[in-house]
Amino acid sequence: MDRVERAVGAVVGSAVGDALGAPFEFGAAGVFSARFPEPGCGGEMCGGGGWEPGEATDDTQMAVCVGESLVERGGLDLPDVFARFRRWAAADPKDIGLQTEDVLTNGLPWDRAADEHFRTHHRAAGNGALMRAATSGVYFAGRGRTATVEAGRRLAALTHGDPAAWEGTAIFHDLLRIALEGADPVEAVPDALAVVDPGHRERYATVLAPGWRPEQATEFNGAVWPCLGSAVWAVRTTGSYEEAVRAAIDLGGDTDTVGAVTGALAGAVHGAGSLPGRWTTSLHVPLPGSGGRVLRVSDLSALAVRLAESARR
Ligand SMILES: [Mg+2]
């Protein structure tokens, strides 16, 4: 399997996990498997809770904003990414994280908005930066560990002032980089942890440890630590894209985002060919603020290819 197939797997896999999990958001653990007991039986991309079958949410919409900025600007242009986020937020998306909304609508410039929010609210370690990192993870993967980790931090900091959110996104970028190389990201967790800011390392080491299970989480999985831990757990304890995403969504809680993060990692590990066709056919990403564009799987795949190939230049 080549790097581009893994890149498409990561970007489309994240969107599929998001759309599959969206109808189950804030539900209890076990709801998904009670309704769909066996893998492969079909009907899982069911819609509900205001979402059409196959409709991706803010996680994927923001990931597209990031990815299109990177390819169109030819690199990391943080004011441009922030401007795209603001245009999207102003167009009344169906869902938007509370903190993200506040930061994108407080009228402050790109380099002060998140920081100011964190100073006022003191809590900003949600998974809302991690959830949109599949596209940037693919783009920066070819640029090496230091570059991808630092880009992860800076993109997270656009909306999240808490360094815990930066470090989680940085780790995720590095795990994606490893998976895109064809190596096992689960085995590389200790290497990824080594680049984490020492003040944040222990907490991530806990949720990424081989024996950690999502039931042991000390916060709701809308927080960055258990969200990342659950995604790595889902990939570690399953053997396919489908099983990993099923396991993640069956945890309940913030199912679209845990599905999106898991789907990115599992898609990079198992490749685009591992994504069930019955899940990708109805996949669509309406993009508020873009003049009514709706991306389909072919558009997302094309974006993933551009992100993966620009990394070689
Ligand atoms: Mg969402």
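Colleague: How many helices and strands are there in the protein chain?

Modeller: The protein chain has 16 helices and two strands. Keep in mind that this is a predicted model.

Colleague: What makes the radius of gyration of the protein chain agree with a compact globule?

Modeller: A compact globule with 313 residues would have a radius of gyration near 20 Å, and the protein chain has 17 Å, so the two agree. Along the principal axes, its C-alpha atoms fill a box of roughly 50 × 45 × 40 Å. Of the 313 residues, 56% count as buried. Among contacts between residues at least 6 apart in sequence, 73% join residues at least 24 apart.

Colleague: Let's look at one helix. How do you know that the span of α8 agrees with its number of residues?

Modeller: Helix α8 runs over residues 145-156, which is twelve residues. At 1.5 Å a residue they should span 16 Å, and the end C-alpha atoms are 17 Å apart, so the span agrees.

Colleague: Which residues of α8 are buried, and what puts them on the same side?

Modeller: The buried ones are Thr 148, Val 149, Ala 151, Gly 152, Leu 155 and Ala 156. They cover an arc of only 165° around the axis, so they sit on the same side of α8. These buried residues pack against α3 (58-73), α4 (78-90), α7 (134-141) and α9 (163-180).

Colleague: Which residues does the UniProt annotation "binding site" cover?

Modeller: According to the unreviewed UniProt entry, the annotation covers Thr 57, Asp 58, Asp 59, Asp 254, Asp 256 and Thr 257. These residues are spread over 201 residues of sequence, yet they cluster in space, with a largest C-alpha distance of 12.5 Å.

Colleague: Why is Thr 57 called buried?

Modeller: The cut-off for a buried residue is 20 or more other C-beta atoms within 10 Å. Thr 57 has 26, so Thr 57 counts as buried. You can find Thr 57 in the loop between α2 (31-35) and α3. Leaving aside neighbours within four places in sequence, Thr 57 is in contact with Asp 18, Ala 22, Trp 51, Asp 95 and Asp 256.

Terms used: Residues numbered from 1 in each chain as written. Predicted model: local features only at pLDDT ≥ 70, side-chain atom pairs only at ≥ 80, totals over all residues. Helix = DSSP H or I, 4+ residues; strand = E, 2+ residues; numbered from the N terminus. Expected span 1.5 Å × (residues − 1). Buried ≥ 20, exposed ≤ 12 C-beta atoms within 10 Å, placed from the backbone. Arc of directions from axis to C-beta. Contact = placed C-beta atoms within 7 Å. UniProt positions renumbered as here; feature names shortened; annotations may be inferred. Rg over C-alpha atoms; globule rule 2.2 N^0.38 Å.
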